[in-house]
Amino acid sequence: MASEEVEEFIRQNQLDNDSSRSLRNCPIEILRSVLDRGDLRGARNPSSAVMMRIRDAKASAGAPMSRPAAAAPLGVTDAEDPQLRMEIESFLIQNAIDDSASNALRACNNLVQRCVLGRGDLGGARNPSSALLTRIKDAKLMGLDPNAAAELPTGDNYMLGGCGASAAAGSGAYGGGLTYVKMRGLPFQASKEDVMHFFAHYQVASENVTLGINNEGRASGEAFVRFPQEMLAREAVRDRNRQRMEHRYIELFVMTASEVQRAKLPDAELVTTSSVPPPALQHLQPGYSAAQAAANAA
């Protein structure tokens, strides 16, 4: 497929930067499936609609949703994987990663590399190289580095962005368990697809989004998004808080277990999140200072 055809589709439908980048990075067969469905003139949010088309096309083709192949077990994570090496180099080029961060990713074992790549590109990050280093650190805190003292989470595995995480309450000592993020300030006409697009880099599924309704049965301008790990929820809040949806700034808050229960959200009984993150997640707090954390621990 000619790149001119893709660029013309992007221009005609006025796609935003994130969805344009996602479309350009698709394999030819996915591109063909998306474009063959026609233009997006009838869509209220063309960028959100094209992300849904990409998701549908990948599901129909049996392709992974920006997730790597299943990770190898500990002990064999450093076996040479030519396909993974190619994916890493492509990721580094596409995201304009600097030499220092690039070498840090290349030096990681396969489990950490797969987890980092599985969480999608870094197009929405203000500093992609810094964001990459944070992902590497987070993956190691989850126990994906065999040289670390942590253990891998156990239990039923949920997959978000390629990293395995137990959704059972209290599981995953470093990643935390099931956690909700509250969104405030949504346009009243916002849909689940709009929320999914807002969190595009976190691969949020429709069933994990609950739209708020007021006492009159109308949209309240709030939404509640379920993440399988507290670590990912806090990263999403840090990265996406006060970003725009249409013309409005969206405020994000990590919800405590009691707040989730009062809101009567799905799986509320599994949530154990408190207002203060565990020590391993404190670096995801807004305004976090490593020097201050060290002083507090002293």
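Contact is taken here to mean heavy atoms within 4.5 Å. The structure is a predicted model, in which local features need pLDDT of at least 70 and side-chain atom pairs count only at pLDDT 80 or more, whereas totals for chains, interfaces and linings use all residues. Residues are numbered from 1 along each chain as its sequence is written, and side-chain values use heavy atoms, with hydrogens and water left out.

The protein has 12 helices and seven strands, these being DSSP runs numbered from the N terminus (helices H or I, at least four residues; strands E, at least two). Of its 298 residues, 46% are buried, that is, under 20% relative accessible area, with exposed meaning over 50% and partly exposed the range in between (1.4 Å probe, protein chains only). Among the contacts with a separation of 6 or more, 68% are between residues 24 or more positions apart.

An open sheet of five strands is present in the order β4-β5-β3-β7-β6, with antiparallel pairing, where two strands pair if DSSP finds at least two bridges between them. Its edges are formed by β4 (209-213) and β6 (243-245), each of which pairs on one side only, and neighbouring strands are turned by 35 degrees against each other on average, direction ignored. Strands β3 and β7 run antiparallel and are joined by four bridges; V181 stands opposite V254 in β7. Helix α10 lies across β3, β5, β6 and β7 and runs at about 150 degrees to β7, the axes being lines fitted to C-alpha atoms, for helices over the stretch in contact, and angles running from 0 to 180 degrees between N-to-C directions.

The largest nonpolar core has 23 residues, and those with the most contacts inside it are M183, L186, V195, F199, F227 and L252; such a core is a set of buried Ala, Val, Leu, Ile, Met, Phe, Trp, Tyr and Cys residues joined through side-chain atoms within 4.5 Å. At least two residues of this core are supplied by each of β3 (179-184), α9 (192-198), β5 (219-227), α10 (230-240) and β7 (248-254), and the largest share, five residues, comes from α10. Apart from its neighbours within four places in sequence, L186 is in contact with V195, G221, A223, M245, R248 and I250.

Two further helices each provide a buried residue for description. S129 is found in helix α8 (residues 128-144) and counts as buried because its relative accessibility is 8%; leaving aside neighbours within four places in sequence, S129 is in contact with A96, I97, D98 and A101. V6, in helix α1 (residues 3-13), likewise counts as buried, at 6% relative accessibility, and its C-alpha atom is separated by 8.0 Å from that of L23, 17 residues apart along the chain.
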